[in-house]
Amino acid sequence: MLSPSSLLIGGTAAIIISSVGSVLNIITLYVLLSNKRLRRNPTTVLIIFLTASNLFYTAIALPMTGASMLNNRFFQHHPLLCQLLSFFFYWSFAALLFIEVALAVNRWAAVCTNKFRFSMSTSLVSGSVCWFSALLIVLLPTAISGWGQFGWDTDSGTCSPKKGLNRTILFILCISIPYIIIFLCYVDILRTVRKSQMKIKQKRTRQVSELTSNNVDHKIEDSVEISSSPVSVMNRSQPVPLYISVLGKKMIIKKKEIEKKEAGVTLMVGIILATFLICTIPAAIVLETDPEAEKYSWAHIPTYILSWLVGVTNPVVYVLACQRYRRALGEQFRSMRKTWESQENRQTG
């Protein structure tokens, strides 16, 4: 069982993280929903689902977790409240993880295959299915053994699913399988990107060698043709029409811009998934190997705090890793600033 000092540290950290995370997620959700250009992107729709899940996690589940640690006797004597806390916490966590899986599949489809692409409707359905499937899976212990499977755990001294078959089922369905899917998707993404880079490098090398060879051949032909038939040289070296050249350049530039945007989104999603895995895997291992907090009681609170930071890291990653989200955030702040300034001018005038 966790010591009172450990519970005090954990409860205080949960309240602080929930406060900071709620503010960041509210700002992020507002920026994403208010920007029409971003809302039309299928990946952004999944990001909105993820941010909404983050907000529920930091605004409802995490404060209740902190309160249960700071005043565990109250929750111990109020079983219904403890059951709700445990249910909300594990549902929000499972929903977060399932949407992370949807994002990984979204990036895999964008990078590794041309047969399937996420559309707006696909992203909306995927996000809804993630929420609903997380609800069904977390309700599975209730369907098997009733609400008594959620509540006060005397071994660990927290509100959580009680040990046994139901906890193992939750661990397999809500943690192990999603982690495996995310890992496989990004392994294939990295393999495809590496293979594409190798092809581009080989193509450039081949083009340079062909260009060099053609220049040499043309010099030889020119020296022969100049002495024999000047007209043939003029016919052979007719210039490409200007409009074709300009159109080709515009198409190449547009294609490069699209590829750059997709690469930025893939990088952002990759960082989100990496931070999520880094934050949550230690706590999952500790909970599964030592659910009673007897063997590694010193490791529980640090790994819990690390996993709670998921609610803070995601909105920070959106801003730092993707230029489009940084630009949208800056535009929103500038718009709000102009509104405030105009209101102040009206009041003073």
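Of the 349 residues of the protein, 41% count as buried, where buried means under 20% relative accessible area, exposed means over 50%, and partly exposed lies in between (1.4 Å probe, protein chains only). The model is predicted: local features need pLDDT of at least 70, side-chain atom pairs count only at pLDDT 80 or more, and totals for chains, interfaces and linings use all residues. Residues are numbered from 1 along each chain as its sequence is written, and side-chain values use heavy atoms, with hydrogens and water left out.

**Overall architecture**

- The secondary structure comprises 12 helices and 2 strands, taken as DSSP runs numbered from the N terminus (helices H or I, at least four residues; strands E, at least two).
- From the N terminus on, the order of elements is α-α-α-α-α-α-β-β-α-α-α-α-α-α.
- Among contacts (heavy atoms within 4.5 Å) between residues at least 6 apart in sequence, 78% join residues at least 24 apart.
- The protein exposes about 20,100 Å², of which carbon and sulfur atoms supply 67%; accessible areas come from the Shrake-Rupley method with a 1.4 Å probe, and for residues only the protein chains shown count as cover.

**Salt bridge**

- The structure holds 1 salt bridge, defined as a side-chain nitrogen of Lys or Arg within 4 Å of a carboxyl oxygen of Asp or Glu.
- Its partners are the side chains of Arg-191 and Asp-188, at 2.7 Å from N to O.
- Both Arg-191 and Asp-188 belong to helix H7 (residues 165–228), where they are 3 residues apart, about one turn of the helix.
- Arg-191 has a relative accessible area of 48% and is therefore partly exposed.

**Thr-58**

- Thr-58 lies in helix H3 (residues 42–70) and is buried, with a relative accessible area of 0%.
- The side chain of Thr-58 reaches the backbone oxygen of Leu-55 at 3.3 Å.
- Leaving aside neighbours within four places in sequence, Thr-58 is in contact with Ser-18, Gly-21, Ser-22, Asn-25, Pro-63 and Gly-311.

**Aromatic pairs**

- There are 8 aromatic pairs in the structure.
- One of them joins Phe-87 and Phe-88 in a tilted arrangement, 6.1 Å centre to centre with 55° between the planes.
- Rings of Phe, Tyr and Trp (its six-membered ring) pair if their centres lie within 6.5 Å; planes under 30 degrees apart count as stacked, over 60 as edge-to-face and the rest as tilted.
- Phe-87 counts as buried at 8% relative accessibility, whereas Phe-88 is partly exposed at 25%.
- Tyr-304 and Trp-308 form a tilted pair, 6.3 Å centre to centre with 35° between the planes.
- Tyr-304 and Trp-308 both lie in helix H10 (residues 297–308), 4 residues apart, and both are buried.
- Ring pairs link Phe-56, Phe-87, Phe-88 and Trp-91 into a cluster.

Note on methods:
Polar contact = N/O pair within 3.5 Å; in protein donor to acceptor, adjacent residues only side chain to side chain.
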